[in-house]
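Me: I'd like to go through this model with you, one question at a time. Here is what we'll be looking at.

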Amino acid sequence: DAAELQVITRPAQPTNLKSGGVRNEQITLEWDAVAGATYYQVRTGTSGPSSIWTDKSTDSTSHTFTDLSPGTRYDLYVRAVDAAGRESEQAALRQVITRPGTPKNLSTRGHTPTSMFVEWTSVKGATRYEVAGGAYPGWHSAGDFPAYAFNSLSPSTTYTFQVRAVNSSGSSPPAFVQGTTTSSSPLTPTNLRTTAVSQTTIAVAWDMVAGDIDRYEVFGGLLGDWQDAGAGATYDFTGLTPNTPYTLQVRAVNSGGESPPASLPVTTLPNPPATPTNLRTTALSQTAITVAWDPVAGDIDRYEARIGIAGPWTDSGADTTHDFTGLTAGTAYTLQVRAVNAGGESDLASETVITIPAMPTNLRTTTLSQTAITVAWNPVDGATRYDVSSDSGSSWTDSGADTTHIFTGLTPDTPYTLQVRA
C-alpha cells in the first residue's frame, strides 16, 4: 500500500494593498481577503510598538495604525495566518507618509498699515504650506518657506490668519494667529534736493509732507542709523570726505510708522587742485607770448589763464599751454595760470614777461665823414638797450641805451647798410 501525507500549503500573500485613510498620526491599511486565513497580522517597518506583529480578525481587511509621527514615512506590512498557524509571505505598502503636524509658534512681525508677516516653525514632512485670512477668503499656497507676507490689508485692523502644512497625503489641522495693522504711515517726502555742497558738507531740503507728521528722519553720510531731523524740511550732513559719493535719505514719521524714504545720490566736492608749476615762456614776439606749465596731478577740469592781476580769466581747456595775443611790443605783462575743478580754483602761478620791443623808427644819419657815420633814431618803449650792425646784420654790437651810435673805421667812398634793433 502507498504511504500518504496530507500537507496544506501556506496561505496566499495578501494583495491589493492600499492606504484607506491617512491622518497626521494614523494610517489605515486595506487589503483583499485571503482564502483560508483565520486571522491577519500587521505591523510597520519602523521601531516602536507598531513594529511588532499585531493580530487582526478576518472580520475586517483593514487596520488603522495609530500613534504615528506626523510627516513621517512608514512601510506597512500584512500577512495571512491559517488555523494551523501557518503564515503567508508578508505583503508591503511602502513609504506611506503621514500628514504633517499643525504648524507651531505662529507669530506676526513687520506690521505696516497694509501688510504684515506671519512666521512659524518648519513642519517635518511638509512640502508646502497654505494660508488663509486677510485679503484671501480661502486657502492660498504659501510655498515651502515657513513665513508669508499678507498684503492689501486695511490700516488699524485686527486679522485672524490661518496656516496649515501640506504634503502628498493631505493637510494638517490649521493653526491660528492674530495680528493688527498699524495706522497709515505718512507719504514719502518729495523734491529732495541739495541747497549747498562743499568738500565736507551737503545741505539738503525737501518739500513738507501733507498730513499728520511728527518729525522727519535722515540717513546717510556718517550717520550709522536714522537721525531725528525735527519738524523742519532741511538738514546738513557734515564731516564728510571730499570727492566721495553719498546716498542721502529722508523719511517722514508719525504714530503710524515711517514713510518710504526719498533718496538722493550726491558727491562731495573735490579739494581744489594744486598750483600749476614750472610756468615758463615758450614763444615770444612783439604782440604774443606763449606760456607752458607742468600738468597738475589729480582731478582737474580745466586750466584758466589771464593777463594782469584783475583781468578776466580765459578757459584754456585741458592743454598745458596758452597763447596771449594782441599784445603791445616792449611791454611788461603779468601772466597768471590756475587749475580748476568742481572744488574750486588753485592758487595762482604767475610770471612777468616783456614782449619783444618794437623796431626803432626814424633811423637817420646825423654826421658823415670818410671813415665814420653817426646815426640816430627815435626811442623805443620798453627797450633797455640797442644793438647796431654795419654788415647787414651779420654781426651786432651793443650800443647801450643811447639813441645814437658812431660807426667808425669805415672805408672812404664805400656804401654801408646800417641797422639798429631794440
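Predicted model: local features only at pLDDT ≥ 70, side-chain atom pairs only at ≥ 80, totals over all residues.

Me: How much space lies in the largest cavity?

Reply: A cavity is a set of points on a 1 Å grid, over the protein atoms alone, where a 1.4 Å probe fits but cannot get out. Points are joined across faces, edges and corners, and the volume is the space filled by probe spheres set on them. Searching the whole structure turns up 1 cavity of 30 Å³ or more. The space in the largest cavity comes to about 30 Å³.

Me: Which residues have the most contacts inside the largest nonpolar core?

Reply: A nonpolar core is a set of buried Ala, Val, Leu, Ile, Met, Phe, Trp, Tyr and Cys residues joined through side-chain atoms within 4.5 Å. The largest one has 19 residues, and the elements giving two or more of them are β17 (202–207), β18 (215–219), β20 (234–237), β21 (245–254) and β23 (262–267). The largest share, 4 residues, comes from β21. Inside this core, the residues with the most contacts are V204 and W206.

Me: What does V204 touch, leaving out residues up to four places away in sequence?

Reply: Touching, or contact, means heavy atoms within 4.5 Å. V204 also lines the largest cavity. Its partners are L192, R193, T194, T195, A233, T234, Y235, F237, L248 and L264.

Me: Are the rings of Y235 and F237 stacked or edge-to-face?

Reply: Rings of Phe, Tyr and Trp (its six-membered ring) pair if their centres lie within 6.5 Å, with planes under 30 degrees apart stacked, over 60 edge-to-face and the rest tilted. The structure holds 10 aromatic pairs. For Y235 and F237, the centres are 4.9 Å apart and the planes sit at 75°, so the pair is edge-to-face.

Me: Is F237 buried or exposed?

Reply: Buried means under 20% relative accessible area, exposed over 50%, and partly exposed in between (1.4 Å probe, protein chains only). F237 has 3% relative accessibility, so it counts as buried.

Me: Where is V34, and what is its relative accessible area?

Reply: V34 sits in the loop between β2 (27–30) and β3 (39–44). Beyond its neighbours within four places in sequence, V34 is in contact with P11, A12, Q13, P14, Y40 and A80. The C-alpha atoms of V34 and P11 are 7.3 Å apart, though 23 residues separate them along the chain. V34 is buried, with a relative accessible area of 10%.

Me: What is the phi of D67?

Reply: D67 lies in the loop between β5 (62–65) and β6 (73–81), and at 70% relative accessibility it counts as exposed. Its phi is positive even though D67 is not a glycine, with a value near 55°.

Me: What is the relative accessible area of N243?

Reply: N243 is in the loop between β20 and β21. N243 has a positive phi of about 55° although it is not a glycine. N243 is partly exposed, with a relative accessible area of 44%.

Me: How far apart in space are W226 and A401, C-alpha to C-alpha?

Reply: W226 lies in the loop between β18 and β19 (227–230), and at 23% relative accessibility it counts as partly exposed. Leaving aside neighbours within four places, W226 contacts E217, V218, F219, Q249, V250, R251 and P261. A401 is 175 residues away from W226 in sequence, and the distance in space is 78 Å.

Definitions and conventions. Residues numbered from 1 in each chain as written. Heavy atoms only, no water. 1 Å grid on protein atoms, 1.4 Å probe; cavity = no way out; pocket = protein on both sides within 12 Å on 5 of 7 lines; lining within 4 Å.
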